[in-house]
Amino acid sequence: MDFLRSFPIWEKLQPEEREQLAQAAVYREAPKGAMIHNSPMDCLGLLFVQSGQLRAYILSDEGREITIYRLLEGDICLLSASCAMNSLRFDIAIEAEKDSGFWVVPSEIYKGLMARSAPLANYTNEIMASRFSDVMWLMEQVMWKSMDQRLAAFLLEEAALEGTGVLPITHERIGNHMGTAREVVTRMLRYFQSEGLVKLARGTVEIVDFAGLQALSEK
């Protein structure tokens, strides 16, 4: 499997560990909008994204969402295999933001490999530390940044991901990413439009002033 050659510590694994990883990995595809993982009881396993884009988010008891990170080509998600990590329980949902293809290594297989392989265990800890940093960064944004700063930063991030300033995204979808109500997003976007930062159309937000949004996000 060619994708395993891209696994960051592939060369550090023993031949039998590589063989077990290769035999256990299952390729899956998901269309845009499909739910891939959405239950703490559904211990899916390690995800290795081959193509597309996935979104990891948390869901409140009231049904409000907030994105904690995206997974792009070559990214690895361990929180979908949290049952393989001792004393780690983290309830996240994962959906496909674009048509995606990814490999899944079952949790029990990955857990067994970690127990025998120091390089794999160390690499796993590095990934978990990186994801913890993502969560801490999100908490800082929510706690210390104003909504206009957060929205400006989100629009710039979307533009970077999509490679265009014309974003085919609804106000409700933005609210889901940011953990806020659609009405709040609409009100703020209309303010941005009045300031000449964006142009709004049905289902689309077009960035007009990148420098202005950048300055706002950093103020």
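This is a predicted model: local features need pLDDT of at least 70, side-chain atom pairs count only at pLDDT 80 or more; totals for chains, interfaces and linings use all residues.
Residues are numbered from 1 along each chain as its sequence is written. Local features need pLDDT of at least 70, side-chain atom pairs count only at pLDDT 80 or more, and totals for chains, interfaces and linings use all residues, while side-chain values use heavy atoms, without hydrogens and water.

**Exercise 1.** State how many aromatic pairs the whole structure holds, and classify the pair of tyrosine 27 and tryptophan 103.

*Solution.* Step 1: a search of the whole structure gives two aromatic pairs. Rings of Phe, Tyr and Trp (its six-membered ring) pair if their centres lie within 6.5 Å; planes under 30 degrees apart are stacked, over 60 edge-to-face, the rest tilted.
Step 1: tyrosine 27 and tryptophan 103 have centres 5.1 Å apart and planes at 55°, so the pair is tilted.
Step 2: the two residues are 76 apart in the chain, tyrosine 27 in strand E1 (residues 26-30) and tryptophan 103 in strand E8 (residues 100-105). Strands (E, at least two residues) are DSSP runs, numbered from the N terminus.

**Exercise 2.** Classify tyrosine 191 and phenylalanine 192 as a pair, then each by accessibility.

*Solution.* Step 1: the centres are 6.2 Å apart and the planes at 50°, which makes a tilted pair.
Step 1: buried means under 20% relative accessible area, exposed over 50%, partly exposed in between (1.4 Å probe, protein chains only).
Step 2: tyrosine 191 has 41%, so this residue is partly exposed; phenylalanine 192 has 0%, so this one is buried.

**Exercise 3.** Find the ring under the charged end of arginine 55.

*Solution.* Step 1: a charge sits over a ring if NZ of Lys or CZ of Arg is within 6 Å of the ring centre and within 35 degrees of the ring normal.
Step 1: the ring is that of tyrosine 57, with the charged end 4.1 Å from its centre.

Definitions and conventions: Helices (H or I, at least four residues) and strands (E, at least two) are DSSP runs, numbered from the N terminus.
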